[in-house]
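Let's take a friendly walk through this model, one region at a time. Please have the sequence and the 3D view open as you read.

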Amino acid sequence: MSRHYQYDVLVIGSGAAGLTLALNLPPSLRVAVLSKGELANGSTYWAQGGVAAVLDNTDTIESHVADTLVAGGGLCKEEAVRFTVEHSREAIQWLIEQGVPFTRDDAEREEDGFEYHLTREGGHSHRRIIHAADATGAAIFNTLLARAHDRENIDLLHQRVAVDLITERKLGLSGKRCLGAYVLNRNTDEVDTFHAKFTVLATGGAAKVYLYTSNPDGACGDGIAMAWRAGCRVGNLEFNQFHPTCLYHPKAKSFLITEALRGEGAVLKLPNGERFMPRFDPRAELAPRDIVARAIDHEMKRLGIDCVFLDISDKPSEFIKAHFPTVYERCLEFGIDITCEPIPVVPAAHYTCGGVLVDQAGRTDIPGLYAIGETSFTGLHGANRMASNSLLECFVYARSAAQDMLRELPGVVSPNVLPTWDATQVTDSDEDVIIAHNWDELRRFMWDYVGIVRTTKRLMRAQHRVRLLLGEIDEFYSNYKVSRDLIELRNLATVAELMIGSAMQRKESRGLHFTLDYPEQLPEATDTILVPPTYDD
């Protein structure tokens with residue numbers, strides 16, 4: 001039997017953003033944090049580089065803001081950038097207070113009052129990346145998860161897959177407020193009903209829409225798709241960041257080689273040992289990710305090669321092992337000793353720069369519904385996310401959303417009893433091969449037609465295919481019991497259509513969106529905002 005739950009706050013997603021929000025709410029509020037799989041399956045756990053923040057005495061807020069605006073290709077909202085950067089130090093201090101074991105610096109730097117090591121990454125003019133060796137995400141996630149386990153008011157529920165949001169409009173009531181969500185419990189195979197005064201989408205991005213990605217399997221754009229179906233606008237979904245350097249090895253699934261290697265002097269080389277990045281940008285390996293990814297893609301296609309090589313072997317062996325233990329050990333598992341040989345790498349889909357439109361408190365178009373982290377479109381990233389700004393965005397906006405909820409709480413009336421999920425008209429599927437085939441087809445044509453370099457013809461082909469797929473998926477969804485695979489496929493196809501539609505609207509090349517038909521950048525930078533049929537201003 002399906003169950004009904006009632007909470008003050010329902011957080012869909014258990015990564016950095018979701019856990020931060022939950023921990024910034026008072027113990028008097030009952031909070032549910034949902035994870036699609038096991039709690040550590042999200043992108044946060046696998047983040048290697050670190051968190052960008054103004055922490056050094058030689059750095060300034062203005063410098064961090066300026067670097068972000070440059071990387072964003074003219075599309076960043078300066079007020080969002082400034083808001084994020086101005087709150088960066090307090091966000092880091094909060095993480096330190098939670099017990100995150102950031103890497104400490106040597107005794108020399110302790111004289112200026114800051115005891116943590118800072119590294120530098122592409123696009124940054126200063127060393128401002130605080131990190132925990134090269135496994136920052138795991139250090140942050142494990143710390144926040146431990147703090148959440150200590151809180152009696154927070155229920156951490158795994159194997160829960162959100163199906164759709166429940167809104168007053170969907171129930172035929174007056175008003176637009178979000179009242180909670182229907183959630184598949186994979187332990188019971190039933191769809192449960194979650195009531196909440198506030199619902200938070202912290203589901204991450206949609207990089208799994210591509211065949212090759214650095215993201216874990218759950219990055220299916222669930223929050224973006226659910227928000228769109230509920231009536232929320234989305235923005236700038238044509239800007240999908242491809243990380244330039246993922247390990248190229250047949251047995252290495254989605255292993256990202258942190259950008260911090262290039263920050264510490266690693267160089268990109270062709271198979272013959274020739275360095276090529278200086279031909280594409282004066283910043284060479286420290287150019288923003290979109291430039292580096294396109295350069296690699298260009299060289300691979302020009303030469304017909306399967307990969308390029310990232311070489312840090314000129315650094316002392318002990319330095320490499322101390323600063324990049326995770327990369328060193330993981331590569332060694334595949335017979336690659338990075339202290340004396342280069343790493344084979346290829347670009348892979350990494351980060352969704354667009355998302356659900358929100359304000360500085362994380363509020364969406366629907367009252368009671370918030371979106372934070374990679375699910376959201378705050379205006380921070382513009383046309384290209386600068387390295388390590390994304391984790392910072394998670395903490396700053398999660399803390400801001402929690403504060404907004406406390407301000408709004410006195411005026412929120414508890415939702416009425418909500419209807420149970422109706423599964424009386426569906427049957428168990430004996431055609432799951434259709435889901436697997438559609439999943440594979442979607443990710444392949446998105447990679448081929450909506451990848452690093454695009455054309456109008458490719459986009460039109462992708463749009464035609466995705467619309468056919470959506471028809472097949474909707475028919476399947478209407479007739480069979482939901483499963484995680486079906487829910488994720490439905491969401492991926494929805495977000496793919498939004499990405500394609502956004503890309504077709506942009507008649508220029510800017511940041512992460514590069515099209516051969518419009519190679520120049522327009523003089524005026526504008527956002528791509530898509531409005532759902534159910535949107536009500």
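Start where helix 5 (residues 88-98) meets helix 12: their axes come within 9 Å and cross at roughly 90°. That makes helix 5 roughly perpendicular to helix 12, a label for angles of 65 to 115 degrees. On the helix 5 side, the contact (heavy atoms within 4.5 Å) is made by Ser 88, Glu 90, Ala 91, Trp 94 and Leu 95, and helix 12 brings Leu 392, Phe 395, Val 396 and Arg 399. These residues divide into six nonpolar, one polar and two charged.

A word on the ground rules: this is a predicted model, in which local features need pLDDT of at least 70 and side-chain atom pairs count only at pLDDT 80 or more, while totals for chains, interfaces and linings use all residues. Residues are numbered from 1 along each chain as its sequence is written, and side-chain values use heavy atoms, leaving out hydrogens and water.

Buried here means under 20% relative accessible area, with a 1.4 Å probe and protein chains only. Within helix 3 (residues 61-71), the buried residues are Ser 63, His 64, Val 65, Asp 67, Thr 68 and Ala 71.

Finally, look at the loop between helix 6 (136-150) and strand 6 (154-157), where you will find Asn 153. Asn 153 counts as buried because its relative accessibility is 9%. A polar atom of the Asn 153 side chain lies 2.7 Å from the backbone oxygen of Leu 29.

How values were computed
Helix = DSSP H or I, 4+ residues; strand = E, 2+ residues; numbered from the N terminus. Buried < 20%, exposed > 50% of the residue type's maximum accessible area, 1.4 Å probe, protein only. Polar contact = N/O pair within 3.5 Å; in protein donor to acceptor, adjacent residues only side chain to side chain. Axes fitted to C-alpha atoms, helices over the stretch in contact; angles between N-to-C directions. Parallel < 35°, antiparallel > 145°, perpendicular 65-115°, else oblique. Nonpolar A, V, L, I, M, F, W, Y, C, P; charged D, E, K, R; others polar.
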